[in-house]
Amino acid sequence: KSVEEDAAIQYLQAQYDKINPAEIKTFKDFPLSQKTLKGLKENNYVTPTEIQKQAIGYALQGKDILGAARTGSGKTLAFLIPILENLFCKKWTRLDGVGALVISPTRELAYQIYEALRKVGHLHDFSAGLIIGGQNLKFERKRMDQINILICTPGRLLQHMDENPLFDCSHLQILVLDEADRCLDMGFETTMNAIIENLPPERQTLLFSATQTKSVKDLARLSLSYPTYVAPHEQA
Ligand code: ADP
Ligand code: MG
């Protein structure tokens, strides 16, 4: 079984370089694992949105991304799919700890991402966790070492980094900064900088923001390396 899985992973990875966003019509046109494709299909996701068409290929190729896209354009799947595929191809297990981290400005948005992940990613074996405050810190703390995909708000994440001995992001593969402009508008600039400085530098980072302000550019400079800029044309 493991030999088959290795072959499937190699087959997928061999196609990453050939992905052409202009030729993508449905999610099946991306080289994605059967588990992800099935999860998408079950939830009636057939045609990728523009940001998904443009970002997923580069993200699968391992590039850092600076994505500009308005609310409602489908950013959640644009980063959840690459997270699932990244960890799948690395045969990540529960024992490997936190492999992906998603930072979102508010509890509500973080919760929506978590729900979307549970729907689309349920056929994979990864564990997902929500760290958003407003809950018992001890409860969050104990489970921290068993989470593979962590969705969090900036303040609560930094609190765990500072205070929780079980918190370990040293094997992080992929970081997502969602709605970065809103995170900064809400006064999380210092917190975000501190978080990024606590993370291993040899990770992949996807940064999404509706606007490109000076502070977003500063954050991009701090967190991204040689990013690919992705900004779909809006069809109003
Ligand atoms: P954003 O984060 O850019 O504001 P979301 O990822 O929350 O956008 O997506 C907005 C809505 O569009 C959600 O209800 C989501 O389920 C839906 N959606 C996202 N991608 C697709 C798709 N490829 N096909 C159909 N609906 C989609
Ligand atoms: Mg969103």
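Here are a few friendly notes on the predicted model shown above.

1. Some ground rules to begin with. Residues are numbered from 1 along each chain as its sequence is written, and chains are lettered from A and ligands numbered from 1 in the order in which they are written.

2. On the overall fold, the protein chain has 10 helices and seven strands (DSSP runs, H or I of at least four residues for helices and E of at least two for strands, numbered from the N terminus). Its radius of gyration is 17 Å, close to the 18 Å that the globule rule gives for 236 residues, so the chain is as compact as a globular protein of that length (taken over C-alpha atoms; the rule is 2.2 Å times the number of residues to the power 0.38). Along the principal axes, the C-alpha atoms fill a box of roughly 45 × 45 × 30 Å.

3. Among contacts (heavy atoms within 4.5 Å) between residues at least 6 apart in sequence, 72% join residues at least 24 apart.

4. Aspartate 178 is worth a look: it sits in the loop between strand 5 (174-177) and helix 8 (180-185), and is buried at a relative accessible area of 5%. Not counting residues up to four places away in sequence, aspartate 178 touches Lys75, Phe79, Ile103, Ser104, Pro105, Ile113, Cys183 and Phe208. Its C-alpha atom is 12 Å from that of leucine 219, 41 residues apart along the chain.

5. Proline 105 lies in the loop between strand 2 (100-103) and helix 5, and counts as buried at 3% relative accessibility. Beyond four places in sequence, its contacts include Asp178, Glu179, Arg182 and Cys183. Proline 105 and alanine 180 are 75 residues apart in sequence, yet 7.6 Å apart in space, C-alpha to C-alpha.

6. Finally, please check histidine 124, in the loop between helix 5 (107-120) and strand 3 (128-131). Histidine 124 is buried, with a relative accessible area of 5%, and its side chain makes a polar contact with the side chain of threonine 36 at 2.8 Å (a pair of N or O atoms within 3.5 Å; within protein, one must be able to donate a hydrogen and the other to accept it, and residues adjacent in sequence count only if both atoms are side-chain atoms). Leaving aside neighbours within four places in sequence, histidine 124 also has contacts that include Ser33, Leu84 and Phe88.

Terms used
This is a predicted model: local features need pLDDT of at least 70, side-chain atom pairs count only at pLDDT 80 or more; totals for chains, interfaces and linings use all residues. Side-chain values use heavy atoms; hydrogens and water are left out. Buried means under 20% relative accessible area, exposed over 50%, partly exposed in between (1.4 Å probe, protein chains only).
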